[in-house]
Amino acid sequence: MYSTDLRTDQEKKSADPQVLDDAKLWDTFQSRIDNGDVIEAKDDMPEKYRQTLIRQISQHAHSEIVGQLPEGNWVTRAPTLKRKLILLAKIQDEAGHGLYLYSAAETLGRSRDDMVADLLSGKAKYSTIFNYPTPTWADIGTIGWLVDGAAVTNQIPLCRCSYGPYARAMVRVCKEESFHQRQGYEIVTVLAQGTLAQKALAQDSLNRFWWPSLMMFGPSDSASTHSSQNMKWKIKRHSNDELRQRFVDATVPQAEFLGLSIPDADMRWNEERGSYDHGEINWDEFWAVIKDGGICGKDRIRARRAAAKDGQWVRAAAHAYAQKQETKERVA
């Protein structure tokens, strides 16, 4: 039940089960959480807490890496040189986010190679939103506006996550994601205020990405198997449905300003709640995309496997160079 940051699998297997099941240790850890303490890598922690963080942080890292693919598809086709450069910079940011997050997960004793292997094998999951296609330039704007907007809504509370390395990594990630959201909204604004054909592109993209963006917050609270415990441990600060509602309330006025229509016949302002009511999400689609990868899932994993294979010589060269430098230092 308890582990330190870099215990080996063998050490965990040989641990005393009576110690691991000691309820007093659970109580001590929960007291620290309740007092607002920040948990660091070398602190004792329940094994379930450690595994939960590894799962969440690694999936977050995978999402940043896979999230480059739909946008990378448009680098050579962006309408102007300026748009190309901005898109390249954004993709570079997302690669950096993945590296920050893999590093945070490594502090919990899981190697980056193992996490990447889980992604390439299909064992590990990533955000379902990246398994939807991006057939038009408007989708690049909508991804920034909606997808990064949903990410910011979900991730800002993570800056106060109880696990220190994750919380600190999220500070920079959220700053950059906020910029990505504004950049995407600017693209959609230009299209919405352009010709009728350009506005139609923006509306079509909104129609396709609205519901998948709401799905990004995860299953409804009643169907979520992790939220309750994660909130008790202060890994999360708000429930899935609460964060989803925040996103809806912030985004609907933005769409209205652009003259675009939210594709939800049940969307209406609820004066009593001071919030928008919205229609029911197609949860069958949500679970199907998680299970089968949706439209682009196989393509995304195939692309990542190809990148891993094509980049093997770079990793081998870097390893050989590191060994050479280590030998030189030892001799000196």
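The model is a predicted one, in which local features need pLDDT of at least 70 and side-chain atom pairs count only at pLDDT 80 or more, while totals for chains, interfaces and linings use all residues. Residues are numbered from 1 along each chain as its sequence is written, and side-chain values use heavy atoms, with hydrogens and water left out.

Helix α13 covers residues 283–292, and its buried residues are W283, F286 and V289; helices here are DSSP runs of H or I with at least four residues, strands are runs of E with at least two, and both are numbered from the N terminus. Buried means under 20% relative accessible area, exposed means over 50%, and partly exposed lies in between, with a 1.4 Å probe and protein chains only. Seen down the axis of α13, the buried residues fall within an arc of 125 degrees, so they line one face of the helix, the arc being that of the directions from the helix axis to the C-beta atoms. In general, an α-helix has 3.6 residues a turn, so residues three or four places apart point the same way. The buried residues of α13 pack against α10 (196–215) and α12 (240–258), where contact means heavy atoms within 4.5 Å, whereas D284, K291 and D292 are exposed on the other side of α13.

The two ends of this helix can be followed as well. At the start of α13, a side-chain oxygen of N282 comes to within 3.2 Å of the backbone nitrogen of D284, and after the helix comes G293, whose phi is positive, near 90 degrees.

Another helix, α4 (residues 47–66), holds T52, which is buried at a relative accessible area of 9%. A polar atom of the T52 side chain lies 2.7 Å from the backbone oxygen of K48. When neighbours within four places in sequence are left aside, T52 is in contact with N230, W233 and I235.

D37, by contrast, is placed in the loop between α3 (23–34) and β2 (45–46), and D37 is partly exposed, with a relative accessible area of 32%. Not counting residues up to four places away in sequence, D37 touches R32 and S162. The C-alpha atom of D37 is separated by 39 Å from that of D284, a residue 247 places apart from D37 along the chain.

Finally, L81 lies in helix α6 (residues 81–106) and counts as exposed at 62% relative accessibility.

Terms used. Polar contact = N/O pair within 3.5 Å; in protein donor to acceptor, adjacent residues only side chain to side chain.
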